[in-house]
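Here is a short walk through one protein. Keep the sequence and the 3D view side by side as you read.

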Amino acid sequence: MDPAEELPKQQGDFLDETGQKPGPDNDVEAPAQPEASGEGQHQCPALLWDTLAKQFLEYEQASPYLIPEEQQRRLLGFLPLFLKAWEESAGIVSFPNIQFLASEVSKLLTKEIKKKLNGKPAEDARLAVGQLLQLKGEEEDGCVLLRSVYLLSQTDSGTLWNIIKSGLPVALMQCLYLFFTFPLGKSSDGGTREEDEQVQEMFVQTMLNLYREEQGLEELLSAAELQSLIIATASLWDQCNLSWKAPTGRVLRTISKAQTKTAIMYLQAADCIKIAIQNLFKLADTLPASDMCEAVSIILCFVKDSYPISSALLSEFENNDGYQLLVKILLRWEGSPHSEGDHHVEEVLDLLTCLTVCGKTELKVSGNITHPQLPHFDFEQTQSSGMTVKNLQAFQVLQSIFQKTSDLHLCRRILLAIKTLWAWDTMNFFFLEWTLQPISQFTDIIPLKPHLVQIQFFQLVESVVLELSYIPHEILKKVECLIKENLVLSCTIVALRCLHSITKRDLLFTDIFRDSGLLGQLLTQLRKQAKILRKTAGTQAPCLEQGTEKELTCVMLKMVAALVLGSVRNAVVIKDYGMVPYIKIFLDDECYRSDTLCILEQLSVINTEEYMSIIIGALCSSTQGELYLKLDLLKSLLRILENPKCHSAFRTCSGFNGLLSLLSDMEGALQDPPSGAWAATGHSLILELVLYTLQGIAAALHLDPINSDFFQRNGFFEKLAEDLGSLGCFWTQERQQVPVQLEKGRTFAEFLNAALYSSEPFPAWLKSCIRILSFLDHMIKGTLHLDSCFLEIKPAAEEPPWDVQKGQLDQQEEHGTSFKPLENKLAASDYRAWADPEDRLEGGNCAIIHPGAVCVMVRLLPKLYKEEHPELSQEIQCAVADHVQSLVKSEKSRQVMCASSLLSTIITSCQHALNNDSHPLHLPLIRIFEKLASQSIEPDVLRQFLWLGTPPPIVTGTCRNPAKTTLCQETSLCKAACSEDSGAAMPDNPVVPQLATRTTSSLWVSRGSAIALQTSMSLISMTSPRNFQPHNTSLAPSFVEFDMSPEGYGCLFLPTLSTVMGPNVEHSISGGIGMGARLFPPSGGLTVSSWFLVSRFCSTRDAHPLRFLTVVRHMSRMEQEFVCFAVSFSPTDHSLVISTEEVEFQPLDIMEPEVEVPNHSSAPTQIEFSCTQQLATGQWHHLTVTVAKETKRNCIVSAYINGQILGSAKMQYIQPLPGSSISMEPSSFVDIYGYIATPRIWKQKSSLAWRLGPTYLFEESISGETVELMMTPKSLSSQP
């Protein structure tokens, strides 16, 4: 807070006339409050001011007739009343003649001061003035006068000018000089320290109020006191009054800011700056550095503040070795105790920084920009703000001090000063670096500086690139040399971090640091370190030096990772250096792992197989306890598998086997309670490892039909189910489950929410099972490999220890309150993460991406059981079964699951539930089986299903010993209904075996009859139409469905429609139908016939055409491919579009309107037929387009929908050669091929979904009668 604001508060601490200390109500800042007195109440402030005004008017009128003593007595008697009124009115003055009062009071105070000073020695005068201004003592009038002048100096400028005219500025300066130069003891003044500080603050603040005005400064220049005080501060700083150092500095700085041209001439004439510098030189070797900085800062203030008016004082400072004085003083700062005086050196450095921009002439430098530079850097457009460096002498002081000192505080302040200059004007960096080269020179000596200075310096270098967008090539070369020399490890680390941060700014730096040799240098150092790690792995105890070396290696790896990121050339350099075997050594240390994986990931761009072999090998060779290594490797693998081109390398490098081996090694890891080495590992970490393993498998299968077929064909889904089942949380015993009757249970979604988000305690095994099932559910939908998957399924809170959790479960079971449904426990918001699968799948929006995962879920279904919790176990089994049933609701899902052998999986994995009609899983599994079997079922699976509930056939040849035949029969009869292996003995032999007969009990007959009845009903359900429509008995044709929502493309590729060959081409045609070459375009025309059904139209925002046929051709020795014929349906205007225009076959994002070619024919190359009324979603339609060739190059095009003609029109026929070719070389040939639907090159996500039925392409134009015959229902249902 400014002292002017603080002082009114302090006035309340003064004693009033009665000798009592005023309370808060008398504070100057607070409004006056009524206060009890001897006369009752204080007078109203307005009334008090009126009374004072009348009294002062009487004094004013009588003053000319009074002797001076009487005038003084009356005025001193009036002032206490004035001060009291001031306090009670909170500083609001209502006094008509305040300027006259100010003049009288200031004259009287000036008179009293001069009376004390005249004719006395300096020390006696100092004592007399001090006694005059005391609060207590024989003479209190001086303090009253000072307080009055102080208050009056805060009113208006007119009043202030009257005070200045009284000569008070000079008198106060004389007092300040005495106070500063002649220290007196405490007892000499006779007052307390607190009272002295109050008087001192009033005294100083009055001077500040006077000297801020130009008139006050001009009045002061009439005497020599200012000159004397300035010289005294430089010569007597070590002998002065300590309590008056700071006040004197405040007064002189105020005078400095108010300098005028007259004041500068006054100081120059008196040689104040020269004498002060000479005196400071004398004290520089003896006076403490903090005191020297405090004294010299006053001189620098006068030099800096005077420069905008005149450069005279700056010239005087420079001519008298002022800069050498600053260097000498600041260098003495090093090594001296300066905890309290830091702000003085900061002030000197700030003033010196300001002096660097003091100059009249701009620096003239020849810009030498070294290229390359960042794209958005333009030196020509860099504009100056006027705050450019013009005084290199002042900056050389900063540069010289930084080079000579190792003081932490000084070095950091100098670097901050340089950063400030750059912030003032960007050109300052170029002016300084092209003249004095401070940063380049500092780079050579920075290893000798403290560590914090090194950090700040390299941050400064970094800001040149990041903030100025300039690449300082010379500085960066010196930094690289510093790294190569590696004199101080800590400095090398900081320098590498600086270059690492710069490298991340732009890919241009990857080329710069490669060409400069930094990349090769780092690789050489890393190779040495890798060899050391390989030799000394686990043999040496860590120490401080090794910790620094390890940090340096870590930073080098980060730098190499940044250099190789996005730079194939740098990846090739690493490969050529033979660094791959050495790089992978760093994988074992967690400190190096992330950057090592980043390097390997970038190397995968040039050799994916090598990366896969390293990662898969490291995964397989990792030990049981290296869970974090496995997690990091799996995360890296997931990032690489985002690129579909890496899927093939993953397969060929035995990636699937490697990931499944991870699950195999985790056998028993999720047991409850945990055992062995897994006891020290939390379940959440194990589940995370399971998750990332499954994510890696899902990512390798995503949208990759080759990998999906490979995984399915090699039985990896069965292996996956086996490995998951052996984790320890699933039931692995051979004993049968005891069926329990259940009420309405929870759904699979509710179980997920309850186990993962609810506070309801669940057994640890069940939580683990539910999480693994949720992983499989995400895998089914193709979302498991996404980053957000694990966030959805991660529990909100840490689960309690298994023993505490088990105690909670046992306690709930004792009270009979275990695991009630959650209808009243979970709010609606709790289900947001997992929507109800019934609602989610009803519209068919959830497609089954990985059907094998459904089979895995079904194989795990019987293992969701614990004898300790039979009811809860069967509840979750039923929930999972219902969830699987919801997955196969749509026809598409049933097709997919039938092809994935889900029926066989149900038969082999769930026989106990299928054989037992009272089992809760019996009906859900039967429903799933019926739905799938209605779509497709293999004969052997049907035979196994028909044997349910009856004794399996026993081949007599299986019991070679006749004595054991009866035993074999009895055993098979007892276990027929529950054995999971009974279905495996189906008679697949071509030789019909002889079945052994046996006697059945009545119980078996009863149960067998029930199962037989259920089987018969299931057969009826399987063979009945799923959607019976009597009015339309025709069945839908075979079709291919194209859904543009997942990826935006999907098509049928017709590789060879025709091949047109030149006369010199050998007649070897591959593909096609018929004998010999087929002419194109056909001489007689052509016909396109197709059955189609639109399941879902796209919106106008994501318009995607139905492309029935696109014919493309390519001539040898030409780069371009051209579309020559296309039939499509436009969703925007609901029209059928037929085109024979030659258009280049290229992606949509680069297709541009071609230059219009002059059309010499009157016929167009594209026509449209409106078919708004003819098309409807969910119905099969028949489309026929006939193109009849006419004479010349025209044709007649007719379009039919459902046998009804849409219209006919004349248009240009397909031209003979592709593009703009008019002739064909004898040795060239033309390939003609086609696409049905959208090829990948035209990828565009949309909500469009449609089905394509039987489609034909004829080499002739068929008649309308043939069209009517082709679209009859009989022809549709008879299609293959």
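Residues are numbered from 1 along each chain as its sequence is written, and side-chain values use heavy atoms, with hydrogens and water left out.

Start with pLDDT, the predictor's confidence in each residue, from 0 to 100. The protein averages 81, and 80% of the residues score at least 70. Residues 1–42 stay under 50. That stretch still has 71 contacts (heavy atoms within 4.5 Å) beyond four places in sequence. Residues 791–845 are also below 50, with 91 contacts beyond near neighbours in sequence. Where pLDDT is low, the predicted coordinates should not be read in detail.

Now go to helix H6, residues 141–152. Helices are DSSP runs of H or I, at least four residues, numbered from the N terminus. The expected span is 1.5 Å times one less than the number of residues. For the twelve residues of H6 that gives 16 Å, and the end C-alpha atoms are 16 Å apart, so the two agree. Ten of the twelve are buried, meaning under 20% relative accessible area (1.4 Å probe, protein chains only). Among them are Gly142, Cys143, Arg147 and Tyr150.

Move on to helix H25, residues 473–485. Its 13 residues reach 18 Å from first C-alpha to last, close to the 18 Å expected. His473, Leu476 and Glu480 are among its buried residues. What do the buried residues of H25 pack against? Their partners are helices H22, H23, H24, H26, H27 and H28. Asn486 follows H25, with a positive phi near 55°.

Technical notes:
Helix = DSSP H or I, 4+ residues; strand = E, 2+ residues; numbered from the N terminus. Buried < 20%, exposed > 50% of the residue type's maximum accessible area, 1.4 Å probe, protein only.
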